Amino acid sequence: MNYTLDTKEQYSLIDLHEPFLGKDIPASLEEVARTALKGSNNLILNLNNCTDLDPIGAGVLRKINRLCTNGLGIFIVVTKNDDMVDKLDNAKIQDLEIFYTVEEAVDAVFMHDLENEFGAGEDGYDDEDYDNGDE
């Protein structure tokens with residue numbers, strides 16, 4: 001599998017340099033993703049060079065997505081190819097984020113982390129929401 005991996009503090013970026021996400025590629029991609037997720041639970045997969053995927057590739061993307069979300073992270077696919085976007089939509093990967101550029105994906109990672117950080121201690125209720133019978 002031909003790819004580059006760029007690991008940052010808050011995310012890892014896998015840039016897949018393959019035209020087809022199928023055959024032996026999905027297994028290799030899963031292995032690289034698992035390694036990348038040891039540093040951060042946020043993963044960006046750049047599929048701009050990829051124009052097609054098979055059911056095994058879709059299954060691996062589904063598995064990677066689950067790994068990210070189980071760790072409270074986010075999995076983002078980057079592609080400008082409308083046919084590829086349709087194929088990803090048809091794969092019905094729950095809560096999969098798709099963006100056109102890596103820059104948009106990086107911004108989404110930071111927003112996701114901020115939402116997790118600010119939402120971690122809040123349950124959505126204030127003391128005023130409860131009738132303590134103190135009246």
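User: How much of the protein is buried?

Analyst: Of the 135 residues in the protein, 40% are buried. Buried means under 20% relative accessible area, exposed means over 50%, and partly exposed lies in between, with a 1.4 Å probe and protein chains only. This is a predicted model, in which local features need pLDDT of at least 70, side-chain atom pairs count only at pLDDT 80 or more, and totals for chains, interfaces and linings use all residues. Residues are numbered from 1 along each chain as its sequence is written, and side-chain values use heavy atoms, with hydrogens and water left out.

User: Which helices and strands are there, and in what order?

Analyst: The protein has 4 helices and 7 strands. From the N terminus, the order is β-β-β-α-β-β-α-β-α-β-α. Helices (H or I, at least four residues) and strands (E, at least two) are DSSP runs, numbered from the N terminus.

User: Changing topic, how many salt bridges are found?

Analyst: The search of the whole structure finds 4 salt bridges. A salt bridge is a side-chain nitrogen of Lys or Arg within 4 Å of a carboxyl oxygen of Asp or Glu.

User: Why can such side chains pair?

Analyst: Side chains can pair because their charges are opposite, when the charged atoms come close.

User: What does glutamate 30 pair with?

Analyst: Glutamate 30 forms a salt bridge with arginine 34, and the closest N and O atoms are 3.1 Å apart. Both residues belong to helix H1 (residues 25–36), where they are 4 residues apart, about one turn of the helix. Glu30 and Arg34 are also linked with Lys63 in a network of salt bridges.

User: What about aspartate 6?

Analyst: The side chain of aspartate 6 meets that of lysine 8 in a salt bridge of 3.6 Å, N to O. Aspartate 6 is partly exposed, at 33% relative accessible area, and lysine 8 is partly exposed at 40%.
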